[in-house]
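This report describes a pocket and a chain–chain interface in turn. Please consult the sequence and structure shown here.

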Amino acid sequence: MKLHEYQGKEILRQFGVNVQDGKVAYTPDEVRTIAREYGQPVVVKAQVHVGGRGKAGGVKFSPTIDKAHENAEKILGMDIKGLTVNKVLVTKAVDIDAGVEYYVGMIVDRNVQSFTLMASAEGGVEIEEVAAATPEKIIRHRVDPVTGLRPYEAREVAIKAGFKGNLNKIADMMVKMSKAALERDAVLVEINPLFIEADGTPLALDTKFEIDDNAMYRHKDLLSWRETEAEHPLEIEAAKYGFAYVKLDDGNVGVLGNGAGIVMTSLDVVNRAGAKPANFLDIGGGAKAEIVYNAVKLVSKDSDVKAIFINIFGGITRADEVAKGVIQALNEGILTKPVRMRIAGTAETEAKALLAEVNSPLIQMYPDMFQAAEAAAQDANNAGENK
Amino acid sequence: MSILVNKDTHVIVVGMTGREGANHTKAMREFGTQVVAGVTPGKGGQTHEGLPIYNSVAEAVSNHQVDASIIFVPPAGAADAVLESAHAGVPLVILITEGVPTVDMMKAVQEVKALDHASREEGGKGVRLIGGNCPGLISSGECKIGIMPNSIYAEKGRIGLISRSGTLTYEAGKLLQNAGLGTSTTVGIGGDPVIGTTFADVLPLFEADPDTDAIVVIGEIGGADEEAAAEYIKNNMKKPVVAFISGRSAPAGKRMGHAGAIIMGNVGTPESKLAAFKDANVPVADTMPEIIELVKQVLNK
């Protein structure tokens, strides 16, 4: 679960990190009130779950109260990478020239089977850009998941990164960030920029915080932060069925299968067949008729989908169960797009008999995934041309 | 011969009396696996389909020879179950559970590695964790400690298979079987970001196995396990290896079901993996069936 900047800051504050204070506002008038209360220049920052807010014009320095109001009017309601901004964070502006900007972050790193701490004196820009242009400017350090980052390690990393300022205070902030990452099951936490004030004190100006979905059961206090409006409506519906569903851009073939690997490969096969997958949908193991029915219903709701490719493999999956689910969707009038499927499993003969009984051109079974994908791709591409 | 498990491997099932545990215990025994006992805290002293149930792994180990344990425990208790088996001295621990918090796995994997090291220092067998979020492992015709369909692995073959994905493991196994090649041992290492055993950990075992002629590696986007495997192959392996990479058309930054399959910046891209395998002289199949053609080619060299 991705957190907004203000939520990430709230967590870091709970762990004792010195963060740049701010208040959330939903209207330009609220922004005006906050700016007046602060009585100094402020920054109005869009709160959306995407990177590159600044470049998109979603972060604006506002030297006066009127300017803050004006900027809020611009930012609230704006679209950043497909997401509408409906709240902003108003923070006191700092004099960037009076200090320096660094970067510190922690990320789950499968290569070291733990978190890797990253630190760089090149703060204030996206770390991916630093990594691409000057990777040597990022210091990496494996964090022990049991002990967490210890102060001496933090000091060593800060020294290697070339951080100037109060070394003990900077290290202390890194240790607290590590504690927050481990105790709050972060997948990613970043403090960027990490601002070092003229007196050497570190201050977190901006943060990114993402929590492991598998661990949400022990962070129930954060569940109210989950924002469904930031997700695709079909993704919300899929979550209710317990499906792993990802909506993909510019696709025309709905793809569903049982298992992440097989669905990922199905996407590749659809691409290879000359069409574009409109979604990733893993229905999980034990493909019962009802599950298949729900999956077909879900994918059918996507207006981008012109044909559906079903790819099921399993020694214990019954092909007739899959067929039954698809037929039910057809009988209820939910299924209006061609379904091209490949089901490797038991009871394939029974499945064929059921389909022969229905005898609908909308549902066809194929002996392998390539033929099924090609048929679906052809149907989808033809549907596009006939429009 | 085969790697890691064979017809003499004695197995306990942790979580045997749960729905998944019970179903798969049955299937494993049908395959021929020597399941000797189950563990369900609170149900010690009962029996399940003729097998004794113990309250703890330690109790099971003190009453039976235990070579491996397979864990069907819900996510919140899964890492603890791994450590219970590891501390009880079970040398091979297979975690099937999907959805275990990553931080739990980091801690468990680190502790298992420390135990492994300590055990080997003392001349012991060590401890190996496979998974989580994996289908387990199977030596064809001998022993299954996992959840894969039995029929694909009835006949022994001479191809080793290692995979990050469950269903693709079965798919590849079926293709190898249909082509008359068959598998020696199949290891599903799991799709999570932090797992106990990687490709590079399994490759040396196949290299040393006299009954494996070639190895198929089924990778996917995300992480750098495939790159590490390519590096190992390049420097250490004489046996031919064929690779496949799933999710090559997936967009960056999106999590495709497997938490491990996510491209972050330039790390984990298909291009990086293809380049690494090319550098190691490992042919990469564009489609699953092409795996068979490539395996036949490398065997004929």
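## Pocket and interface

The second largest pocket holds about 370 Å³ of space, a volume being the space filled by probe spheres set on grid points joined across faces, edges and corners. On a 1 Å grid over the protein atoms alone, a pocket is an open set of points where a 1.4 Å probe fits, with protein on both sides within 12 Å along at least five of seven lines; lining residues have an atom within 4 Å of a point. The model is predicted: local features need pLDDT of at least 70 and side-chain atom pairs 80 or more, whereas totals for chains, interfaces and linings use all residues. Residues are numbered from 1 along each chain as written, chains are lettered from A in the order written, and side-chain values use heavy atoms, without hydrogens and water.

Of the 19 lining residues, B:Ile3, B:Leu4, B:Val5, B:Asn6 and B:Leu92 lie nearest the pocket centre.

Chain B and chain A bury about 3700 Å² between them, 59% of it on carbon and sulfur atoms; this is the accessible area (1.4 Å probe) lost on being put together, summed over both. Three salt bridges cross the interface, each a side-chain nitrogen of Lys or Arg within 4 Å of a carboxyl oxygen of Asp or Glu. One of them joins A:Arg218 to B:Asp104, with the closest N and O atoms 2.7 Å apart.

The table gives the residues contributed to the contact (heavy atoms within 4.5 Å).

| Chain | Residues in contact |
|---|---|
| Chain B | 51 residues |
| Chain A | 40 residues |

Methods
Buried area = accessible area lost by both parts, 1.4 Å probe.
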